[in-house]
Amino acid sequence: MMKVLTIKQPWATLIMQGDKRFEFRSWQTKYRGDLLIHAGKGVDKEAMKRLSKYLPEELPYGRILGHVKLVDCIKMSPEFKEMLLKENSDIYTKSSFQENYGWQVSDVQIFEKPIEAKGHLSLWEYDL
């Protein structure tokens, strides 16, 4: 069993492309380690328009896209927000910072064939 995080598009794709190193959540986790990224069926329409230059024509929905390592969970601070804006102000906008925690991911591995799956809230388990 592996832990999975469901993320709206285009954020799931941006993480899997390596463009986004942090996923923002209102809650923290003590979990560190392997994490599957699931593209939910939800869409952030504003982000889709704003970030279209980063995105492929077709985005997958309702699929596990690949595997990352969850390496840290950082409480938002003015310094952390400043660092993210310097890193990429297109992806990390002020609106990203409504959540309290930045989940840092690394070691992105995209699955050749995304796995169809129903998403869930919070961290959930999937048997690969």
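Helices (H or I, at least four residues) and strands (E, at least two) are DSSP runs, numbered from the N terminus. This is a predicted model, in which local features need pLDDT of at least 70, side-chain atom pairs count only at pLDDT 80 or more, and totals for chains, interfaces and linings use all residues. Residues are numbered from 1 along each chain as its sequence is written, and side-chain values use heavy atoms, with hydrogens and water left out.

Q: Which pattern does the protein chain follow along the sequence?
A: The protein chain has three helices and six strands. Read along the sequence, their pattern is β-α-β-β-α-β-α-β-β.

Q: What radius of gyration does the protein chain have?
A: The radius is taken over C-alpha atoms, and the globule rule is 2.2 Å times the number of residues to the power 0.38. For 128 residues, a compact globule would have a value near 14 Å, and the protein chain agrees with this, at 14 Å.

Q: Is His38 buried or exposed?
A: Buried means under 20% relative accessible area, exposed over 50%, and partly exposed in between (1.4 Å probe, protein chains only). His38 lies in strand 3 (residues 33-43). Because its relative accessibility is 1%, His38 counts as buried.

Q: Which side chain makes a polar contact with the side chain of His38?
A: A polar contact is a pair of N or O atoms within 3.5 Å; within protein, one must be able to donate a hydrogen and the other to accept it, and residues adjacent in sequence count only if both atoms are side-chain atoms. A polar atom of the His38 side chain lies 2.8 Å from the backbone oxygen of Ala117. The side-chain partner, at 3.1 Å, is Thr6.
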